[in-house]
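Please read the following note with the sequence and the model side by side. The points are numbered so that each can be checked in turn.

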Amino acid sequence: MRSVVGTDDLLLVTLDTLRFDVAQELAAAGRIPHLARHLPGGRWERRHAPGSFTFASHQAIFAGFLPTPAAPGPHPRLFAARFAGSETTAGGTFVYDTPDLVSGLADAGYRTVCVGGVGFFNRQGPLGTVLPGMFQESHWEPEFGVASPTSFEAQVARAEEVVAALPADRRLFLFVNVSALHQPNWFHLPGATREAGDSRGTHAAALEYVDRHIGRLFAAASSRRRCFAIVCSDHGTAYGDDGYTGHRLGHEVVWTVPYAQFFLPGPDAPEGAR
């Protein structure tokens, strides 16, 4: 990342609450083609979340602790604050001298922008200001939230506006917290009802909905120059697994998340690379 930061734009997308098993099944079945075309080998990487719910996980992610590969380590990190004794800071790690990655990238000349989704980004109370308050610019509207059946379309439209307004020579760190997977998500599955509630099937339908629109986000993020993208979940959620429902708990489906990182070629890339 030492050669990427300062050269490329950066995109971080958290697919809030997305389960690894559902993400992997849909990729294998060809049900999320726009995401799958960017996944190395067409598959998500299995990782462990740094937290079991949104606030905790994003605090860790913004401190440079992305989901950890689900295999014995240590695993070198892409980003890390400078501190003595770090066993996961390697030669290629982008090291910053601020308390968090967002301000570290701002110090490196990036415009840092948050397009929020779930309630921890809504600025409607003091707690909802903590995470978006790390960014130079943050956006949240009710249309971006968990109750909106068109939340991701609205978020993508705002991201497109942000990119279009940025001077061409300014590097961008764009963060999007996608709320569509989070409950309630029953309205993404045709025939599902509010009374029946959410299920693993409606969760999958929500991911298909996101996939239908994420190409626009990728196009916007790479419209000015090459963009390094990270797409991952912050935690999973249970739908009756072993009697558990929801998250902020220690079940395997909560701690195991999908992860992918890849480059989005910029407008000057050869046609076949885009």
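1. Arg-225 and Asp-9 are both buried, where buried means under 20% relative accessible area, exposed means over 50%, and partly exposed lies in between (1.4 Å probe, protein chains only). Their side chains meet in a salt bridge with an N to O distance of 3.1 Å. A salt bridge here is a side-chain nitrogen of Lys or Arg within 4 Å of a carboxyl oxygen of Asp or Glu. The pair links distant parts of the chain, 216 residues apart: Arg-225 is in the loop between helix H7 (200-221) and E9, and Asp-9 is in strand E1. Helices (H or I, at least four residues) and strands (E, at least two) are DSSP runs, numbered from the N terminus.

2. The model is a predicted one, in which local features need pLDDT of at least 70 and side-chain atom pairs count only at pLDDT 80 or more, while totals for chains, interfaces and linings use all residues. Residues are numbered from 1 along each chain as its sequence is written, and side-chain values use heavy atoms, with hydrogens and water left out.

3. Strand E1 (residues 9-15) deserves attention next. Seven of its seven residues are buried, so E1 is largely enclosed by the rest of the structure. In a regular strand the side chains alternate between the two faces of the sheet. In E1 both faces are covered: Asp-9, Leu-11, Val-13 and Leu-15 are buried on one side, and Leu-10, Leu-12 and Thr-14 are buried on the other.

4. Which strands pair with E1? Two strands count as paired if DSSP finds at least two bridges between them. Strand E9 (residues 227-232) runs parallel to E1 and pairs with it over six bridges; Cys-232 of E9 is the bridge partner of Thr-14. Strand E8 (residues 171-178) is also parallel to E1 and joined to it by six bridges, with Val-178 of E8 opposite Leu-15.

5. The salt bridges number 15 under the rule in point 1. In one of them, the side chains of Arg-19 and Asp-241 meet at 2.9 Å, N to O. Arg-19 lies in the loop between E1 and helix H1 (20-28) and Asp-241 in strand E10 (residues 238-241), so this pair ties together parts 222 residues apart in sequence.

6. A further salt bridge joins the side chains of Arg-111 and Glu-137 (3.1 Å, N to O). Because Arg-111 lies in strand E6 (residues 110-115) and Glu-137 in strand E7 (residues 137-139), the pair ties together parts 26 residues apart in sequence. Arg-111, at 24% relative accessibility, counts as partly exposed.
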